[in-house]
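Me: I'd like to learn how to read a protein model step by step. Could you take me through one?

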Amino acid sequence: MEPRFLLLSDVATELNVSDSQVYHMVRSGELPAIKIGGRGQWRVERARLEEYIARKYDETADWVQSNPLIDRDPE
């Protein structure tokens, strides 16, 4: 059974990005997370991470539609 909540380092591994990139995504509000414990450690709920990934797929598809590849004339 997978854990419900992930460490930021686990999220970074899942997304193949750095820990600092995930921290920035959380602090900016791009990726929902909670702060728990006396030292205020960040946790990301697995379901929220999956929603984030799905949202990014949608945003990327929209971007691709708005920015089609243009064939350039060979020189």
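Predicted model: local features only at pLDDT ≥ 70, side-chain atom pairs only at ≥ 80, totals over all residues.

Me: Which residues make the contact?

Reply: Contact means heavy atoms within 4.5 Å. Leu8, Ser9, Val11, Ala12 and Leu15 take part from α1, and Asp19, Val22, Tyr23, Met25 and Val26 from α2. By type, the contact holds eight nonpolar residues, one polar and one charged (Ala, Val, Leu, Ile, Met, Phe, Trp, Tyr, Cys and Pro count as nonpolar, Asp, Glu, Lys and Arg as charged, and the others, Gly among them, as polar).

Me: Which residues of α2 are buried, and which are exposed on the face turned away?

Reply: An α-helix has 3.6 residues a turn, so residues three or four places apart point the same way. Buried means under 20% relative accessible area, exposed over 50%, and partly exposed in between (1.4 Å probe, protein chains only). In α2, Val22, Met25 and Val26 are buried. These cover an arc of only 100° around the axis, which puts them on the same side of α2; the arc is that of the directions from the helix axis to the C-beta atoms. The face turned away from that buried side carries the exposed Ser20, His24 and Arg27. Among the elements covering the buried residues are α1, β3 (41-45) and α3 (46-66).

Me: Which residues of α1 are buried?

Reply: Leu8, Val11 and Ala12 are buried in α1. Their arc is only 100° around the axis, which puts them on the same side of α1. They pack against β1, α2, β3 and α3.

Me: In what order do the strands of the sheet come?

Reply: Two strands pair if DSSP finds at least two bridges between them. This open sheet of three strands has the order β1-β3-β2, with antiparallel pairing. β1 (5-6) and β2 (34-36) stand at the edges with a single partner strand each, so one side of each has no neighbour in the sheet. Three bridges join β2 to β3, and Ile34 has Arg43 in β3 as its bridge partner. Helix α3 packs on the sheet, touching β1 and β3, and its direction makes about 65° with that of β3.

Me: Is Arg46 buried or exposed?

Reply: Arg46, in helix α3, is buried, with a relative accessible area of 16%. Leaving out residues up to four places away in sequence, Arg46 touches Glu2, Pro3, Arg4, Leu6 and Glu14.

Me: Where is Leu7, and what does Leu7 touch?

Reply: Leu7 sits in the loop between β1 and α1 and counts as partly exposed at 36% relative accessibility. With residues up to four places away in sequence not counted, Leu7 touches Trp42 and Arg43. The C-alpha atoms of Leu7 and Val44 are separated by 6.6 Å, although 37 residues apart along the chain.

Methods
Residues numbered from 1 in each chain as written. Heavy atoms only, no water. Helix = DSSP H or I, 4+ residues; strand = E, 2+ residues; numbered from the N terminus. Axes fitted to C-alpha atoms, helices over the stretch in contact; angles between N-to-C directions.
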